Amino acid sequence: MAGLGTPDVPEVVDCLIEECICEQPSINNIFVTTVINISAGERSTDGVTTYHRACVIRNCVVDCEYKVNPVPISQITFAGTPPIATVTTRLPHGQVANDWVRISGALVNGLADNPFNGSFQIANPSSTTFQYTMPATPAAAPVGDMWVGRFSSHLVAISSVSVTSAGPPEWTVKIVTATPHFRVPGNNVAVDRVTVGGSVINPFNGSFLVTAVGDPGNPDPKILYYKTKTDPGTPDSSQTGAFVGEQFQALSNDAGTAAVAEGNRIFNCRVGGPSHDTYNERDLIVRNNHYRGVVVGPTQGLGVIYGYGLSTTSDVIPLVSLTNSGNTAIATTSAPHGFTANVDKVILSGATGADATYYNTPVGNPPVITAVTSTTFQYQMTGVPTGPAPGTPPAYYATSDRQRILASLTYALESGVYVASAVTSYAQHGFSIGDAVFISKATGQLDQAHNDFFNGYHTITAIPNATTFKYALVDNPNPPNQSGSSLSGYFGRLWQAGRVVIEDNVIELIPTPTNYGPPIAIELDYGSFVSPPLFRQVVIRQNVIRHVDNASDPPNLPQGLGIQISGCGNLILEENVVDLDSTTPIKYYFCDRVRFFNNHTSAGVLIQGVDVTNAQTPRKASELTTEVEDAVLLAI
């Protein structure tokens, strides 16, 4: 379900999603799924942003545990060699001989990693009993909240990958998981992060039909097989980040102003939310929610370190001409383009005629520019065209990061500060004072270091009109001149969150399931610089964070964290209660002004935040509690 705002429709106001129950997700999902979503966006050409206003997700229940005709189990016994488990259910189970079932919740000596849990083919059924063969003899009969047909949707780590039968026409792949995968033959399985030569781009990854579970004579529920019609190559011997499954996100209420998520109950989702990773956000309050069995609670994933976080455009820039010399394309622009040879890449599209496949660059793999003048650039093609690209214009170009071109970029000294003035080529830029902008490919100054006074991330300081914005420069880009201009320039919005309050939530994390990121109860992340901030003002207070049922993280996987924040301008963390295994459960980096007060364990032990901006020399943050104690001691 969703509420959506865009610049081309009337503003979305007072949208309320309340008292909904969302459960029983599809076991064959092949992509990230957001269950309840209120969002907004940008216009694809000029980047003008819209915000939904006063929209609320309240008192909803989201449970992403898989359920396939679930029936509770009263007991499981075992006997014989190989060991045969006999299941007695509390209600008729409805299974027949040779059906596949999933058994979960069985604990042996307090551990779920035992031969009872997983996917098995059954025999000798009655209305309330059936049997299955286990892969090993357990240490004892199990106890716990045991079920048939009710099992986790969390990602499952992959231990090993191998090709057992080579094609063509098909290659058979064997996956061994670290814990039971709960798939049965005929299910879909989503495989991700398997590497070949260190790269995840290979045919092992994707969505596949499960052809078998276990091996002949070994009904191991950690083994599954699938087939691919493409030679996948040789998988790396170590697959520390690989997994099967796709994540569920319970809530998203991003890209809004005065947005609220409150009173919700979130169970068994990888991401509880609200989750936000795209577009600007003005205000968000997350309060009084209960998260149980999640990897992440409230989360905001902005920043540019993973290749996104900047506004892009579908707009392209017309060329004056597009010719060739052999397999070298020569493009002429109507204004200086700002490209640097052997550094920048370019996207070419829109060429027509017999040579279009040569002139147009491959989707997703733009070529490196090999030579430039101020208004021409060259790149290599896969073949030799028979002549120039026809038409007016003959084709279009875009920067590899699809930034918007500026009509002009000038600077002048204003009240003792050098200020850049950018004029866009669109009817409106959509910025407000305080927004962040990314400028690239400015040229024509004293040297490249001075060109870069224009370039990079900046906070907008003035909006003279709908097509112009200003930002401060660190110094004069072209001394001794007190004013001047750049020959070229491009711009895009850096996505930010304005004010975020996360308070009075209970967040219960599962133990770390894979190497694909440890559990983090509250995460506002991927900052790689301090200014401009990704998160302008953040308050995180009076949340209770712990493991589900006081569990612990496995010894061979990263420990879960309570709170991790980066790229924050003004941060207050106070009176949060955190009970996790990590000795430093509150971390932050690339933050400007931070304030901590009385964060502690349930036993009353003070937890100080740790600044890990320099991972080699982490340091504890100042804490108001200790500062008061120090002041008292100094006054004696």
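Modeller: Gladly, and let's start inside: β41 gives three residues to the lining of the largest cavity, the most of any element. This is a predicted model, where local features need pLDDT of at least 70 and side-chain atom pairs count only at pLDDT 80 or more, while totals for chains, interfaces and linings use all residues. Residues are numbered from 1 along each chain as its sequence is written, and side-chain values use heavy atoms, leaving out hydrogens and water.

Colleague: What makes a set of points a cavity and not a pocket?

Modeller: On a 1 Å grid over the protein atoms alone, a cavity is a set of points where a 1.4 Å probe fits but cannot get out; a pocket is an open set with protein on both sides within 12 Å along at least five of seven lines. Lining residues have an atom within 4 Å of a point. The whole structure has one cavity of 30 Å³ or more, and the largest cavity has a volume of about 40 Å³. Volume here is the space filled by probe spheres set on the grid points, which are joined across faces, edges and corners. Among the residues lining this cavity are D46, H429 and R493.

Colleague: How does the lining of the largest cavity divide by class?

Modeller: Into two nonpolar, four polar and three charged residues. Ala, Val, Leu, Ile, Met, Phe, Trp, Tyr, Cys and Pro count as nonpolar; Asp, Glu, Lys and Arg as charged; the others, Gly among them, as polar.

Colleague: And what is the volume of the largest pocket?

Modeller: About 1,700 Å³. The largest pocket is lined by 46 residues, with L107, A112, S152, I510 and P511 nearest its centre. Two or more lining residues come from each of β13 (147-151), β14 (156-165) and β26 (290-294), and β14 gives the most, with four. The lining has 21 nonpolar, 19 polar and six charged residues. The second largest pocket has a volume of about 950 Å³.

Colleague: Why is β37 called largely enclosed?

Modeller: Buried means under 20% relative accessible area, exposed over 50%, and partly exposed in between (1.4 Å probe, protein chains only). Five of the five residues of β37 (436-440) are buried, so this strand is largely enclosed by the rest of the structure. In a regular strand the side chains alternate between the two faces of the sheet. In β37, A436, F438 and S440 lie on one side, V437 and I439 on the other, and both faces are covered.

Colleague: What makes two strands a pair?

Modeller: DSSP must find at least two bridges between them. β37 and β41 (490-494) have five bridges and run antiparallel, with V437 opposite R493. β37 also has four antiparallel bridges to β38 (456-465).

Colleague: What makes T373 and T376 a polar contact?

Modeller: A polar contact is a pair of N or O atoms within 3.5 Å; within protein, one must be able to donate a hydrogen and the other to accept it, and residues adjacent in sequence count only if both atoms are side-chain atoms. The side chains of T373 and T376 make theirs at 2.6 Å, so the distance passes.

Colleague: Why is the Y66 and F248 pair called edge-to-face?

Modeller: Rings of Phe, Tyr and Trp (its six-membered ring) pair if their centres lie within 6.5 Å; planes under 30 degrees apart count as stacked, over 60 as edge-to-face and the rest as tilted. Y66 lies in β8 and F248 in β20, so the pair ties together parts that are 182 residues apart in sequence. Both residues are buried. Ring pairs also link Y66 and F248 with F151 and F182 into a cluster.
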